[in-house]
Amino acid sequence: MSQQVAKNVFLWEGRSILRKGIEAYFTILIETFWSKKRIMEVYLNEIEMGDGIYGVEAASQAYFHKPASDLTRQEAAAIAVIFPSPLKWSATNPTKYLRHRQYLIMKNMKRLGPLDF
């Protein structure tokens with residue numbers, strides 16, 4: 001996750017050895033100076049969640065027309081389940097496969113309870 005944050009927040013698009021080296025440098029800095037909670041917070045606020053939708057709050061507004069803090073467990077799982085293909089899959093019109101994944105996520109949410117970082 002730290003590597004994704006480094007890549008998406010600090011670097012330009014494309015692939016090169018220079019870019020990979022800088023990505024590794026930023027990843028080490030992130031792991032050294034940021035808490036796990038901060039890494040997760042930045043990651044969840046910058047990931048692509050749909051066409052032109054970046055971050056969980058924006059996804060919550062776009063898909064369910066409410067703040068992320070007001071999502072039900074089922075709605076939160078519906079957003080989580082569209083990974084790794086948020087441009088292909090829909091949180092509001094899930095396939096049978098996505099509904100099964102949503103069920104598994106909700107089962108784990110219940111089993112694990114709130115997570116502390």
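Predicted model: local features only at pLDDT ≥ 70, side-chain atom pairs only at ≥ 80, totals over all residues.

Reader: Fine. So what do the side chains of Lys20 and Glu23 do?

Author: They form a salt bridge, with N to O at 3.6 Å.

Reader: Where do those two sit, and how many residues apart?

Author: Both are in helix 2, 3 residues apart, which is about one turn of the helix.

Reader: Are they buried or exposed?

Author: Lys20 is partly exposed, because its relative accessibility is 49%. Glu23 is buried, because its relative accessible area is 3%.

Reader: Which residues are linked with Glu23 in a network?

Author: Arg19 and Lys20 are linked with Glu23 in a network of salt bridges. The Arg19 to Glu23 contact is 3.4 Å, N to O.

Reader: Why about one helical turn between Arg19 and Glu23?

Author: Because they are 4 residues apart in helix 2, which covers residues 17-33. Arg19 is buried, and so is Glu23.

Reader: OK, switching topic. How many salt bridges in the whole structure?

Author: The search finds 5. One of them joins Glu75 and Lys66, at 2.9 Å from N to O.

Reader: And those two, buried or exposed?

Author: Glu75 counts as buried because its relative accessibility is 15%; the cut-off for buried is under 20%. Lys66 has a relative accessible area of 22%, so it is partly exposed.

Key. Residues numbered from 1 in each chain as written. Heavy atoms only, no water. Salt bridge = Lys/Arg side-chain N within 4 Å of Asp/Glu carboxyl O. Buried < 20%, exposed > 50% of the residue type's maximum accessible area, 1.4 Å probe, protein only.
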